[in-house]
Amino acid sequence: MPVPPPAPLDSGTTGYIQLPQERMVPAPQQAPGTPPDVAHTGLAVLLIGPAGAGKTTVARYWAERRPVPTAHISLDDVREWVRSGFADPRDGWDDRSEAQYRLARRTCGFAARNFLANGISCILDDAVFPDRPAVGLGGWKRHVGPGLIPIVLLPGLEVVLERNAARTGTRRLSDEEVATIHGRMAGWYGSGLPIIDNSRHDVATTARMLDEAVARSLSSPPAW
């Protein structure tokens with residue numbers, strides 16, 4: 001017996017699941033007084049940190065080991081989908097770089113909503129600056145929704161410089177630029193967001209600390 005063709009899709013669908021009408025991911029719900037079950041909760045996490053913090057490594061490790069379906073969405077990976085005409089961050093930040101970054105962020109946000117709508121949690125990673133709230137967290141909140149959980153990964157400068165030196169291609173930045181980015185990231189202290197200093201921790205330990213930070217955010221969401 002032949003397999004019937006899939007149902008046609010209209011402009012309001014992605015895959016076969018209708019996205020929420022408000023186009024935003026709502027905050028996870030739990031019964032009052034019950035501890036959050038991070039391992040089995042459908043959620044979207046934004047892992048923030050400078051180049052060399054280990055965001056991508058930790059996010060991938062965390063997503064691979066959750067007991068429920070979880071996707072990892074890296075903003076740098078999406079930016080690098082552009083091959084011809086890629087705005088290389090090593091050449092400086094200009095209007096073209098900004099436009100490609102915004103496009104990648106919108107694409108990541110759409111992917112996150114689509115994964116959540118299809119029952120798959122997600123973790124995104126990006127270098128979001130505290131001194132650009134409208135572009136940074138504000139942008140992610142617009143594209144993903146109020147249920148997004150931001151966590152900051154911020155090891156010491158020496159560790160970040162060492163990790164950056166081991167990178168290759170467009171992911172490796174100059175020491176001066178890394179130091180500048182790291183200094184701006186220090187502005188997250190006092191913001192109320194959970195901050196993980198993984199300077200002396202391996203990936204597995206950092207992933208456990210990430211679980212703990214997510215659980216605290218579910219129990220008492222930070223204002224952002």
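This is a predicted model: local features need pLDDT of at least 70, side-chain atom pairs count only at pLDDT 80 or more; totals for chains, interfaces and linings use all residues.
User: Is Gln100 buried or exposed?

Analyst: A residue counts as buried when its relative accessible area is under 20%, and because Gln100 has a relative accessibility of 14%, Gln100 counts as buried.

User: How should I read the sheet, and in what order do the strands of the sheet stand?

Analyst: Strands of a sheet pair through backbone hydrogen bonds, and the pairing is either parallel or antiparallel. Here five strands form an open sheet in the order 4-5-3-6-7, with parallel pairing. Strand 4 (70-74) and strand 7 (195-196) stand at the edges with a single partner strand each, so one side of each has no neighbour in the sheet. Strand 6 (residues 148-153) is joined to strand 7 by two bridges, and Leu153 has Ile196 of strand 7 as its bridge partner.

User: Which helix packs on the sheet?

Analyst: Helix 4 (residues 137-144) packs there, touching strand 3 (44-48), strand 5 (121-126) and strand 6, and the direction of helix 4 makes about 160 degrees with that of strand 3.

User: How many aromatic pairs are there?

Analyst: A pair of aromatic rings is described by the distance of the centres and the angle of the planes. The count of aromatic pairs comes to zero in this model. Rings do meet charges, however: Arg65 lies over the face of Tyr61, at 3.6 Å from the ring centre, and the charged end of Arg184 sits over the ring of Phe129, 3.7 Å from its centre.

Terms used:
Residues are numbered from 1 along each chain as its sequence is written. Side-chain values use heavy atoms; hydrogens and water are left out. Rings of Phe, Tyr and Trp (its six-membered ring) pair if their centres lie within 6.5 Å; planes under 30 degrees apart count as stacked, over 60 as edge-to-face and the rest as tilted. A charge sits over a ring if NZ of Lys or CZ of Arg is within 6 Å of the ring centre and within 35 degrees of the ring normal. Two strands pair if DSSP finds at least two bridges between them. Helices (H or I, at least four residues) and strands (E, at least two) are DSSP runs, numbered from the N terminus. Contact means heavy atoms within 4.5 Å. Axes are lines fitted to C-alpha atoms, for helices over the stretch in contact, and angles run from 0 to 180 degrees between N-to-C directions. Buried means under 20% relative accessible area, exposed over 50%, partly exposed in between (1.4 Å probe, protein chains only).
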